[in-house]
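Okay, thanks for coming, everyone.

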Number of protein chains: 2
Amino acid sequence: MTPNSFSPDVTPPEFRDIADLPAAAMAHRLAGMRPADAIEILNDLDIDVAIAAIAHLPHEQAVRLLDQPELRRTGEILEYLPLHLAGSFLDAMSADRVTDIFQELEDPTRTRLFAILGTETKAALKKLLHYPPDTAGSLMTTEFISVPAIWTVSRTLKHIREVERTRETVYAIYVVDPETKVLQRVVTLRRLITSEPDAPIISVGRDEKPVAISPLTDREDVARLFRKHDLLAVPVVGDDNHVIGIVTVDDVLDAMTQEMTEDAYKFGGLEAITKPYMEIGFVEMLRKRGGWLCVLFLSEMLTASAMQYFEVELEKAVVLALFIPLVMSSGGNSGSQATSLLIRALALQDIKLRDWWKVALRELPTGVALGALLGIICVIRIATWQMLGFYDYGPHWMLIAATIAAALVGIVTFGSLSGSMLPFILQRLGFDPASASAPFVATLVDVTGLVIYFSVALIFLSGTLL
Amino acid sequence: MTPNSFSPDVTPPEFRDIADLPAAAMAHRLAGMRPADAIEILNDLDIDVAIAAIAHLPHEQAVRLLDQPELRRTGEILEYLPLHLAGSFLDAMSADRVTDIFQELEDPTRTRLFAILGTETKAALKKLLHYPPDTAGSLMTTEFISVPAIWTVSRTLKHIREVERTRETVYAIYVVDPETKVLQRVVTLRRLITSEPDAPIISVGRDEKPVAISPLTDREDVARLFRKHDLLAVPVVGDDNHVIGIVTVDDVLDAMTQEMTEDAYKFGGLEAITKPYMEIGFVEMLRKRGGWLCVLFLSEMLTASAMQYFEVELEKAVVLALFIPLVMSSGGNSGSQATSLLIRALALQDIKLRDWWKVALRELPTGVALGALLGIICVIRIATWQMLGFYDYGPHWMLIAATIAAALVGIVTFGSLSGSMLPFILQRLGFDPASASAPFVATLVDVTGLVIYFSVALIFLSGTLL
């Protein structure tokens, strides 16, 4: 047997004909595969074929597949499975996964499935369901290993061997006070197996405060903590410092991927969508995109008002209109650059909220320099066109060029400044700084940009063109 | 001892006065902290104070801190430490970290430090340094546990206990053919400790092909594989199926964070920057932003050319100019939405390259519907302003409203279509689809949008205004 190197995007040939097999034979083939591969096949099958295949799988295998967040349509699958099967699967699945599934189920299926759960599953579910999404509570599972501080290393190891099958991870062991149940220390399995069997568990590992989080910790902070301390799992403690669950690194990876997608959507000016692109319905797609598009459109209408205000100037010098898109887009572009820089700087905590003025002091000269750069390019362009006779900007072409260059300095500076301050303002108001979107910044800069442009024109051109 | 819940953004009071201590006392305090906390303090200290503190730390602690990628200025620290200390630290650090540091060092420091390394470190470094960044090879480390297939469980456990200290992870054990050294199976520590001590190691765990990658696998694919199979580590195999290293989940988390930042920068229209915002010099900042800004500016100049072409129409109907920013920005906004949707869909492999036409078939009606929505809003606005006497669009105001509405349908459809196709085109050409930026899409749509706008105007208004 040789390892197969990873090649994305390719379905191995032996997997392709599986859809035509009878359910039992299909189940047999699926059971022999790596779970992740079996899931890819199940996701591609018609829903009733997938359900039949899962019903024919050995219990343990079925649970293993249903437990993976990558399996799509799990709610539907459980809904249409024979009720006793669905119940026994749900009871055997990990609590965090069952919670995710119930969060997406709708009544009456939700009530019907809840009724058949075992007492323990019901209790765990009730506890986990009340945490808001995007918090540690919604990521956590209740299947962890915790032992009293008076146990020895060998007794702990024996306990791990007994309960291993039902725990999400055994690589971190939570040592609690035998009386108060307060978390005292986290011992890694790595340290455990290299320790003396008779040593008390509390003596194993470094004597340092355990890293722990609250169930309400934001999932971005959870990810940051995992990166900072190179964790595989982190205990979630309640107000009384009892361990109520753990978050494992695989859930953090999934949460980060979701976060990446949400941030990309937000920055692109879209509402969050959790479904894959092809599964988003037409109406839902219109709603998720249309909402922001309308808000931006209504705001951008201010540009029409601004231009109406300057209509007299515009009629006197139509040549000014020629450069409106160019000048305005430069402001939007520099703003979008500054926003993306600062969104990440705040997310990585390279910069704190209180440092906003330091950023403003950096963006000011940066904006001026970038605006001047574009201004010079624009002057060269106008001069070249004029002198080579490509276009005639009129007798005052030098004044026009100067107007546009000066407006560019003003607009690019304003774009950089407002683009960089927007994430700070959002964070200060309690929003996610990543909610700042490129289209929003562009709209903000467009309206102001027009005012700057025409004001500069009035200064430079009154007495000649205006 | 009670666990401290995670609260970002706050430095505990006891850490604040540490900068004023003499180096030895400071080292003593740092040694007692969690490594991640000690690193935060070191990052905030003046460089020579940080170097003195590290020189005073016990060897093992210093190595532990230097081993963390979160420690900044490590190259500088090693450069100014006494040479014998730097050498002994580097030899004890993990190979992947040493590689990262050497990648950033410049001559003559690089050559000077390389000369003092031990033979083993030198060999590992030479091997790791030749892999391109962003590949598995650049993330991997050579410190893993591999055992011959003929060993028993207890012999493997004994081996793990002996070498544990020098290995990046012991939670995955790589079982290789005793003759050919080819990777045969991956056994988790979890399975190992629950197996019979006398069982052969090759009988432990599921009989499935090990998941493995090549050193040239892209880091995004590596992250996808970790998510898919819920891995803690993955073996990197060469052409001969020998294990040459492993990538661990903590490095994947760091790589994903970097990827998030790079993608955000790219989408915002910036070149990749790896430094924290405040450490980017003024000139470097101008270079990273000015390059793209100039390219976009030069492209956007085509809007001036387009408008020069339509100057006659513009002079006849200055009212058309009023709506140029509004109409054009709507195209840019819908394009940026579509681009961010498709960048993520391709990154998550929800959609394959060959599905581009399915996407185009969805974006076409979506764009028409969104454009119509904005068109209706715009007609209402013009009608309201006209009837309430806020502004006089002239006797042909209904034709003008129709022109703008029709142009919006065309431009938003074009924006959605081109915005969604751009990531496909980039991927087809071998670029990262995430290189598509909001400003780039906006520029693309601006130029075409102007042509659409004036063409529609010519159709609707010739004979009346034009």
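So, B:Arg224 and B:Asp221 make a salt bridge, with the closest N and O atoms 2.5 Å apart. By salt bridge I mean a side-chain nitrogen of Lys or Arg within 4 Å of a carboxyl oxygen of Asp or Glu. These two sit three residues apart in helix 13 of chain B, so about one helical turn separates them. Helices here are DSSP runs of H or I with at least four residues, strands are runs of E with at least two, and both are numbered from the N terminus. As a reminder, an α-helix has 3.6 residues a turn, so residues three or four places apart point the same way. B:Arg224 is buried at a relative accessible area of 13%, and B:Asp221 counts as buried too, at 15%. The cut-offs are under 20% relative accessible area for buried, over 50% for exposed, and partly exposed in between, with a 1.4 Å probe and protein chains only.

Housekeeping: this is a predicted model, so local features need pLDDT of at least 70 and side-chain atom pairs count only at pLDDT 80 or more, while totals for chains, interfaces and linings use all residues. Residues are numbered from 1 along each chain as its sequence is written, chains are lettered from A and ligands numbered from 1 in the order in which they are written, and side-chain values use heavy atoms, with hydrogens and water left out.

Stay on helix 13 of chain B for a second, which covers residues 219-229, and find B:Lys228. Which residue does B:Lys228 form a salt bridge with? It's A:Asp37, with the closest N and O atoms 3.3 Å apart. That pair crosses between chains, landing in helix 2 of chain A, residues 35-44. Both B:Lys228 and A:Asp37 are buried. And there's a network of salt bridges here, linking A:Arg34, A:Asp37, A:Glu40 and B:Lys228.

Now zoom out to the interface. 153 residues of chain B are in contact with 152 residues of chain A, where contact means heavy atoms within 4.5 Å. Together the chains bury about 13,800 Å², 63% of it on carbon and sulfur atoms; that's the accessible area, 1.4 Å probe, that the two parts lose on being put together, summed over both. One that joins the two chains is A:Arg289 with B:Glu363, at 2.8 Å, N to O.

B:Val295 and B:Phe440 are 145 residues apart in sequence, yet 9.3 Å apart in space, C-alpha to C-alpha.

Okay, strands. Strand 6 of chain B, residues 233-237, pairs with strand 7 of chain B in the antiparallel sense over five bridges. For pairing, DSSP has to find at least two bridges between the strands. B:Val236 stands opposite B:Gly245 in strand 7 of chain B. Why call strand 7 of chain B largely enclosed by the rest of the structure? Because six of its six residues, 243-248, are buried.

The hairpin of strand 6 and strand 7 of chain B has five residues between the strands, and B:Asn241 there takes a positive phi near 65°. At 15% relative accessibility, B:Asn241 counts as buried.

Elsewhere in chain B, strand 2, residues 145-148, runs parallel to strand 3, residues 172-176, with four bridges joining them. Strand 2 of chain B has a covered face, B:Ile145 and B:Val147, and an uncovered one, B:Ser146 and B:Pro148.

Most residues other than glycine have a negative phi, and most peptide bonds are trans. A:Asp134, though, has phi near 70°, and it is partly exposed, at a relative accessible area of 33%. What is the peptide bond from A:Asp107 to A:Pro108, cis or trans? Cis, with omega near 5°. In chain B, the bond from B:Asp107 to B:Pro108 is cis as well, with omega near 10°. B:Pro108 sits in the loop between helix 7 and helix 8 of chain B.
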